[in-house]
Amino acid sequence: MDSILVKGNGPLNGQIPIAGAKNACLALMPATLLSEEPLTLTNAPRLSDIKTMTELLQSLGAEVSSLQDGQVQALSSHNIDNHVADYEIVRKMRASNLVLGPMLARLGQAVVSLPGGCAIGARPMDLHIHGLEALGAEIELKDGYLHAKAPRGLKGAVIELSFASVGATENIMMAATLAKGTTVIKNAAREPEIVDLADCLRKMGAHIDGAGTSDITIEGVDRLHGATHPVVTDRIELGTYMLAPVIAGGEVELLGGRLDLVGAFVEKLNEAGVDVLETKAGLKVKRRADRVKAVNVTTEPFPGFPTDLQAQMMALMCTADGTSVLEEKIFENRFMHAPELIRMGAKIDVQGGHATVTGVDRLKGAPVMATDLRASVSLILAGLAAEGETIVNRVYHLDRGYEQVVRKFSGVGAQIERIKGS
Ligand code: UD1
């Protein structure tokens with residue numbers, strides 16, 4: 001298995017291009033199932049999760065080709081001849097469950113494996129199921145698969161989510177585009193990926209209002225048509241690379257960066273003593289002093305501080321001046337990076353959903369194990385600030401969500417390389 005070697009080597013300077021959002025692209029790709037006409041996505045990230053979604057859509061009969069080095073996805077679902085999303089693919093990636101709503105709406109039936117456990121918590125699908133049932137679907141769990149039917153088609157309804165789930169909002173919104181009548185999703189997720197999906201669906205002919213607010217209204221139409229859509233900038237990749245010069249020193253410009261995508265994160269950076277400036281091409285980041293100040297962080301649904309940046313923020317807090325408390329409110333088991341950071345000399349005490357981090361002067365390089373996608377990149381960030389060498393093992397997690405990670409970090413001067421495993 002490959003690993004990544006990082007050497008802490010001082011200031012980073014230059015520019016890092018930010019890719020299209022993985023999580024937006026994973027919702028946009030299944031939208032192809034809603035129409036017989038082609039959907040073209042530009043600015044797609046080149047990641048293994050995108051390949052997994054491609055495989056899943058192809059297994060259903062969709063045609064997917066990846067052009068221009070993977071940055072354009074040309075999709076067509078004129079001939080869907082299978083309605084079963086197999087466990088072997090779904091278990092690799094939870095976002096596979098986003099084919100449920102579109103298939104049900106287009107074909108009146110769908111059989112989708114339940115994703116099963118995942119490293120960061122239970123992550124059930126009850127909200128997806130209740131929402132689709134409110135639209136008139138009959139859903140049963142048999143042999144680990146959700147069997148969903150809507151023999152008389154879907155019908156608009158008012159659905160109030162008990163939690164503003166991103167995936168449930170996406171599944172219900174896609175299904176509702178082809179339902180009869182009006183659907184209102186209350187307490188909908190407000191993430192930029194939801195806004196991006198709604199923009200794309202509107203280009204395909206859907207009638208959607210309120211995406212980006214807690215109330216989304218969808219007027220069902222008879223059919224959707226083809227469209228071309230650029231995937232929104234990845235706010236999590238953006239936030240991750242914004243931390244590179246904060247941890248290692250220097251000044252880095254994030255090309256394609258947008259303040260509106262990372263508002264709560266930037267507020268915390270400012271509080272910690274970091275300047276974030278808008279430039280023509282994106283955002284420029286520089287810390288004000290050699291050491292940042294400790295700040296407390298609570299993860300929340302958008303526009304709050306994103307759970308997907310919590311691990312990276314913890315890596316920063318490990319060498320901050322003072323003590324910070326990080327509270328995880330989205331996923332119950334998302335501090336697995338803490339024991340790895342402790343191996344590098346960090347002082348972290350985890351109690352339930354709270355991690356108390358007392359900043360130390362310097363971390364020390366060590367061999368560490370990546371446990372999930374965001375945890376892996378937090379260990380690279382920590383390695384940039386550490387004395388000596390850090391070896392991050394199990395980097396396949398990184399390939400799921402960060403394209404060209406070694407090239408992007410080394411492009412601003414980091415000493416980092418991928419070591420081929422056996
Ligand atoms: C998406 C993102 C993920 C991000 C998360 C929160 C994708 C592919 N993934 O995940 O990177 O960390 O949003 O911003 O877009 N829940 C239920 N029942 C459900 C669905 C969710 O209880 O039916 C709970 C989950 O257990 C969790 C919380 O809701 O505690 C958030 O989940 P959700 O917003 O659905 O996250 P995902 O869509 O899985």
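How far apart do the C-alpha centres of domain 1 and domain 2 lie? They lie 31 Å apart.

Some ground rules. This is a predicted model, where local features need pLDDT of at least 70 and side-chain atom pairs count only at pLDDT 80 or more, while totals for chains, interfaces and linings use all residues. Residues are numbered from 1 along each chain as its sequence is written, and side-chain values use heavy atoms, with hydrogens and water left out.

Domain 1 covers 3-18 + 234-419, and domain 2 covers 22-230. Those bounds come from an automatic or database domain assignment.

On to the interface. 23 residues of domain 1 are in contact with 18 residues of domain 2, contact meaning heavy atoms within 4.5 Å. The buried area is about 1800 Å². That is the accessible area (1.4 Å probe) the two parts lose on being put together, summed over both. Carbon and sulfur atoms give 50% of the buried area. In domain 1, Phe-302, Arg-400 and Glu-403 lose the most area to domain 2. Together they make up 34% of what that side buries.

Next, charges. Three salt bridges are counted between the domains; the rule is a side-chain nitrogen of Lys or Arg within 4 Å of a carboxyl oxygen of Asp or Glu. Asp-49 and Arg-400 meet through their side chains in a salt bridge, at 2.8 Å, N to O.

Last, secondary structure. Helix H12 (373-384) and helix H13 (396-401) each supply at least two residues of the domain 1 side touching domain 2. Helices here are DSSP runs (H or I, at least four residues), numbered from the N terminus. H13 gives the most to that side, with three residues.
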